[in-house]
Structures are given as structure tokens and as C-alpha cells.
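Subject: Structure handover

Hello,

Here is the structure you are taking over. My notes on what was found follow below it.

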Amino acid sequence: MAAPLASKAGSAGTTSKPPFPELDFRSGARVEELNKLIQEFTKHDQREYDDQRALEIHTAKDFIFSMLGMVQKLDQKLPVANEYLLLSGGVREGVVDIDLDELNVYARGTDYDMDFTLLVPALKLHDRNQPVTLDMRHSALCHSWLSLRLFDEGTISKWKDCCTIVDHINGATNYFFSPTKVADWFYDSISIVLSEIQKKPQRGMPRVEKVEKNGTIISIILGVGSSRMLYDIVPVVSFKGWPAVAQSWLMENHFWDGKITEEEVISGFYLVPACSYKGKKDNEWRLSFARSEVQLKKCISSSLMQAYQACKAIIIKLLSRPKAISPYHLRSMMLWACDRLPANYLAQEDYAAHFLLGLIDDLQHCLVNKMCPNYFIPQCNMLEHLSEETVMLHARKLSSVRSDPAEHLRTAIEHVKAANRLTLELQRRGSTTSIPSPQSDGGDTNQPDDRLAKKLQQLVTENPGKSISVFINPDDVTRPHFRIDDKFF
């Protein structure tokens, strides 16, 4: 191909113009400007915790775990020694695949300052070898019913009031674990416990500002000192091993190959209380790979994560009505992109703008084609149920973003700055005194464990944005054990 005329002129001794700045072809936006805007968004979106805030986080977590220990003792339904998965970000942030249309709208800054999702196993199947075969005869892909015939008579007796009953022709009775009934029981139990706790308030105990049942999750907002923390508590069924329906996914090549072991990725999965579009809400659970996603997140570059967070902030506002696209869809697309694109490309530190534009393009492509495969079960199309009108409405909205990404980034930055201003205003009005442990009162010799508070502050500082798994014995709530990724503390 012939060289451009400008190059020939330059070779003849004329002064060539400096190279043109890199532009986004679709919008004409300067890539350098988009990178700076993403960095500014990240700076305001990621908060650093001082010692006081770290202690407030610990106090709220300690209160939630103590409350769950009391729930277990109410009727002994929950496992005695349970293992929770604590995730950074609430359900509305897409940390688990749960429908958002049943959730009340909470806004950071207005309603809370920090948000978490806590997966609490109501049942555990931890003594089975993989692969785990589930009863999917009655449900859509990526969903399952759960028969209590897998459990002993004691478990059936404890939970039969949270089941739907199916009588067979041969006279046998089958109890199917009901996500809606379990959620009702969980909300009622938490309400009873919180009522008892609040009858005898102790010094330093968090303020329970809100307790609401949102569909099948329980949302609790706690006030501790000058902080407000949202906990979305999700009752789940916990499995060790890997579901048979996702077995073929393990046979494919993935971006995490060689970075983490397969044993880390397939250590367990959950059933979360979410139904398919046409499924039976009282019976149907959704498969969740939240534990695996915590591991995969370790293999995603910081620049791609920054682009994902910025893109998520844009679509949460833009695509909120009607509820069709959730941040979990975007998370799935990001994982697919990691499989599709070279690792050295995704590792480029100054490519956040390219990644943001690519995620928007991917999302628009999925909408136009009404196709978004689940990352772990690709045969499950998460957009299959949407109407043509809905997907085209959202695709047109995304087209406006793609035409002017810089303006939408500026809007996202203003939103997060406004939320931070509200938080700072609350902190200025709130108490600046240190927060004692909720187990202690004014006359008790059981003082706050400074060592634990310091350890928590260190964990928060060294592991920003990471998900934390906690193992706790409800009979001894004074000794929580943190696990960040594969390290125990």
C-alpha cells in the first residue's frame, strides 16, 4: 500500500505535524481525557478508612454476626457452626445474581455510606463429592428445586414448615425447600432478635435505622458513630464441589488458567433465593457462583476493574427503568471479555478508556441481540425473557452514552462526589468519640478488643475492595475468623 502523502513530504525535509491525539472514532472524545475522568471517578469512588471508620465497620459486623448467632439459637434451624460469605457492595451493586425489581431503592450518601452483602447458609451440603446433581426437571436453566430428601430426618423435621409439599401417587411425600418461605422465616426471626436486643441497649451498640424485607433478602441499615452501613443478608443453600450442569465449562480455556488453581475456582457454589422469569417463586432457587467470582476477581487487572466500576455507575442510573439490566449482567460480560482478549492487552494500565468503551459496546451488542450468556452456564441466556421493546429502549439509551462518554462520566463523578459530601456532612454532625464493642456496656469489664480493631483496620487498608469470608461459631461470637481470598486471620 502506498505511503501517505504527508509521510513523503516529511521525508523530503518539511516539518511534519505532531501526531494527532488518540480519539474515540464513534464519539470523537480524546482517549486521554476519558482516562483522566475514569481516574477521577475511581479516586472519589474508592474511600480510604481511618482507624475510627475501621472500628465502626468492625462494630457493625460484630453486631450482625452476634444477631445471627441469636437467630440460630431461636429454633436451631441454622447450622451451629456456619460459614458466611461477606462481599463488598450490596445486592443492588450486582455482587450476586438476584433480581432488582423487588428491591427498594437505597442511595449511597442519602441512605448509607458503605454496603455489604452477606450470604448466610440455611442449609449446607458439604459432605458430597463433585459433581453435584440438582433437580432441574421443573425449572429453567441455571435454576433448581431442592428436595429435603437429600438430608436426614432431623433436618426435614426442622425445616418442613419452610417447604412446599408434593404428594406422589405412590403415597410418598416430598418436601421442597421454599426460598420465599425461608426468607419469610429469616425476616421474622431477625425481627424478633432485634426487638429483644433493643429492649436492653448496651453502650456502643449500633443504631438499627432500617430493617426491611426486599423480596427474598433482608436489608439492614446500621448506624455506628458517624457511619451508616447497609447489609443485604441473603439466605442461601451452600454446596461444596461443583454442579454437574456447569461441568462442561471446566473443559474450556479461561483467562484464570495458570493464575489460580481449579480447586480454588470450584471449591463451592450456592443456591440463592431467586426465581426465573416463568418459574415458581415458592420452589425455584438460582445457582450462584459468588465464591468462584471472588477468586476470579484476583485475576482481573486494575484498569479493567476501574472501567467496570465507572461503567456500572453509568448504567445503574441510566438503565434503571424499566428494570431489565443489572450490574451482574455487566460483570458477566467483563468475565467473557477476559476470556476473549489477550491477557497482555487487558493488563495495560492506560487502557481504562478502551475498556470502558468496549464494555458499553458489549452491553449494547447483548441488548440488540437479546443474548447475555451466564459465564458459568453459557447455555443460560440471562436476557431471554426481555421484550423487544425493552431491549431496544435500553440499547438506544446506551447509544447516547456511546455518543458522549465523557459527559456521562462527568455526571457519574458528580453523583459520587455528592454522595461523599452527604457522608462527610453526617460525619461532621455525628459523634467523634471512639465506638466500644456492642458486647460491652458502661459497667462491664469486657472492653473493646483493641488488637482485633487494629487487625481489622490493617485488613481493610491492605485489601481494598476485596471480599471477605468469615467463619464464626454462634456459640462463641467473640472469636471471628477472617478469610481474605485464601488467607486466614
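In these notes, Ala, Val, Leu, Ile, Met, Phe, Trp, Tyr, Cys and Pro are counted as nonpolar, Asp, Glu, Lys and Arg as charged, and the others, Gly among them, as polar. Please keep in mind that this is a predicted model.

The pocket

The second largest pocket holds about 960 Å³ of space. Its lining consists of 39 residues. Sorted by class, the lining of this pocket has 16 nonpolar, 13 polar and 10 charged residues. Nearest the centre of the pocket lie D99, C275, S276, Y277 and R286.

Helices α3 and α5

Helix α3 covers residues 51-75 and helix α5 covers residues 179-199. The two pack with their axes 9 Å apart, at an angle of about 110°. Angles of 65 to 115 degrees count as roughly perpendicular, and α3 and α5 are therefore roughly perpendicular to each other. The crossing of α3 past α5 is right-handed. On the α3 side, the contact involves F63, M67, L68, M70, V71, L74 and D75. These meet W185, F186, S189, I190, I192, V193, L194 and I197 of α5. By class, the contact of α3 with α5 has 13 nonpolar residues, one polar and one charged.

Helices α9 and α11

Helix α9 (residues 327-340) and helix α11 (residues 352-369) have axes that come within 10 Å and cross at roughly 110°. That angle makes α9 roughly perpendicular to α11. Here, too, there is a handedness to note: α9 passes α11 in a right-handed crossing. From α9, the contact takes in L330, M333, M334, A337 and R340. From α11, the residues are L359, D362, L363 and C366. The contact of α9 with α11 has seven nonpolar residues, no polar ones and two charged.

Regards

Methods:
Residues are numbered from 1 along each chain as its sequence is written. This is a predicted model: local features need pLDDT of at least 70, side-chain atom pairs count only at pLDDT 80 or more; totals for chains, interfaces and linings use all residues. Side-chain values use heavy atoms; hydrogens and water are left out. On a 1 Å grid over the protein atoms alone, a cavity is a set of points where a 1.4 Å probe fits but cannot get out, and a pocket is an open set with protein on both sides within 12 Å along at least five of seven lines; lining residues have an atom within 4 Å of a point. Grid points are joined across faces, edges and corners, and a volume is the space filled by probe spheres set on the points. Axes are lines fitted to C-alpha atoms, for helices over the stretch in contact, and angles run from 0 to 180 degrees between N-to-C directions. Helices (H or I, at least four residues) and strands (E, at least two) are DSSP runs, numbered from the N terminus. Angles under 35 degrees count as roughly parallel, over 145 as roughly antiparallel, 65 to 115 as roughly perpendicular and the rest as oblique. A crossing is left-handed if the near helix is turned anticlockwise from the far one by less than a right angle, and right-handed if clockwise. Contact means heavy atoms within 4.5 Å.
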